[in-house]
Amino acid sequence: MPEPILSVVGVTKIYASGVTALHPTDLTIRKGEIFALLGPNGAGKTTLISIICGIVTPTAGTITIAGHDALSDYKSARRAIGLVPQELSVDMFETVSATVRFSRRLFGHSAKDAHVEEVLRDLSLWDKRDAKIMELSGGMKRRVLIAKALAHEPDILFLDEPTAGVDVALRRDMWKLVHRLREKGTTIILTTHYIEEAEEMADRVGVIDKGRLLLVEDKAALMQKLGKRELTLTLVDPLAAIPDSLSGWELALEDEGRTLRYRFDATAERTGIPSLLTALRDQGIGFKDLETSKSSLEDIFVDLVGERR
């Protein structure tokens with residue numbers, strides 16, 4: 001198993017008002033992985049990221065980043081991190097290349113124009129290198145934030161809601177960029193409420209809600225363990241209601257009685273499908289089509305958060 005590059009132990013945030021923004025949290029991130037932190041707005045995603053990146057001081061707990069204590073050895077720990085915040089935080093009158101070079105020098109690195117050029121080319125910003133940031137579109141400004149975060153060659157890149165408010169095409173481009181960065185050895189941690197982002201990119205998924213980290217799982221294992229499958233039957237004749245004799249199955253009648261939907265656990269020893277089909281035949285309920293589908297990460301997320309509200 002790859003060595004941990006980030007360790008969070010017992011980290012808590014309680015504000016002076018008494019509000020607990022983050023309950024005691026433990027989290028270990030493996031070197032080179034893509035980790036997605038999922039949660040609704042206000043769940044505590046940004047609070048946790050801000051604490052790790054040194055923007056917010058924790059009330060309690062310890063954080064180790066690339067072998068450095070984030071509180072006692074702040075400079076070394078921070079040097080290992082690149083952060084792409086939600087909000088634009090750049091000098092609008094500066095050029096693209098100048099602001100990226102400035103970010104690199106801010107961490108004590110030499111100019112190294114070759115690296116700056118590589119980052120700008122990776123982000124399709126090279127042709128805009130001499131443009132002022134105020135002249136760029138919203139999507140291009142977002143790319144500049146990523147370029148700034150990558151300027152000092154960090155070991156870990158934090159993306160806080162990286163594609164909020166950007167179009168689908170740019171979102172896909174950014175997913176491709178994340179995969180390229182991982183191939184180069186960069187560890188990626190992203191917060192998002194776009195479930196498809198986590199499903200597309202992440203190796204592991206964490207779900208946070210109301211300041212509590214509810215679970216951390218390998219994405220595939222999570223979907224295998226918590227995912228449900230559905231059997232959809234298109235009926236020959238519409239049903240007004242589900243007969244009492246079928247109450248033993250988790251059934252739903254939809255599409256004005258023309259569709260019967262059955263949810264089942266695909267990992268169970270018995271799915272109940274053969275006996276359901278037999279019961280339908282015995283009731284004289286015919287179907288002309290059937291298909292199965294598995295639940296998405298979004299279904300799992302909604303179920304998990306919904307259970308705790």
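Predicted model: local features only at pLDDT ≥ 70, side-chain atom pairs only at ≥ 80, totals over all residues.
Helix axes here are lines fitted to C-alpha atoms over the stretch in contact, with angles taken between N-to-C directions.

Helix α5, spanning residues 138-150, packs against helix α6, spanning residues 168-183, at an angle of about 15 degrees, and their axes sit 11 Å apart. Angles under 35 degrees count as roughly parallel, and α5 and α6 are therefore roughly parallel to each other. The crossing in which α5 passes α6 is right-handed. On the α5 side, the contact is made by Gly 139, Arg 142, Arg 143, Ile 146 and Leu 150; α6 brings in Leu 170, Asp 173, Met 174, Leu 177 and Leu 181.

Next up is the strand pairing around β13 (residues 259-264). Strand β11 (residues 229-235) runs antiparallel to β13, and six bridges join the two. Within that pairing, Leu 233 stands opposite Leu 260 of β13. Strand β12 (residues 251-254) is also antiparallel to β13, this time with four bridges. Here Ala 252 has Arg 261 of β13 as its bridge partner. β12 and β13 form a hairpin with four residues between the strands, and in this hairpin Asp 255 takes a positive phi near 55 degrees.

Another positive phi turns up after helix α1: Gly 54, which follows α1, has a value near 85 degrees. As for α1 itself (residues 45-52), seven of its eight residues are buried, so the helix is largely enclosed by the rest of the structure. The cut-off behind that call is a relative accessible area under 20%. His 109 is partly exposed, because its relative accessible area of 26% falls between the 20% and 50% cut-offs. Leaving aside residues up to four places away in sequence, His 109 touches Arg 104 and His 152. The C-alpha atoms of His 109 and Ala 151 are separated by 9.2 Å, with the two residues 42 apart along the chain.

Note on methods:
Residues numbered from 1 in each chain as written. Heavy atoms only, no water. Axes fitted to C-alpha atoms, helices over the stretch in contact; angles between N-to-C directions. Parallel < 35°, antiparallel > 145°, perpendicular 65-115°, else oblique. Left-handed = near helix turned anticlockwise from the far one by under 90°. Contact = heavy atoms within 4.5 Å. Pairing = 2+ DSSP bridges. Buried < 20%, exposed > 50% of the residue type's maximum accessible area, 1.4 Å probe, protein only.
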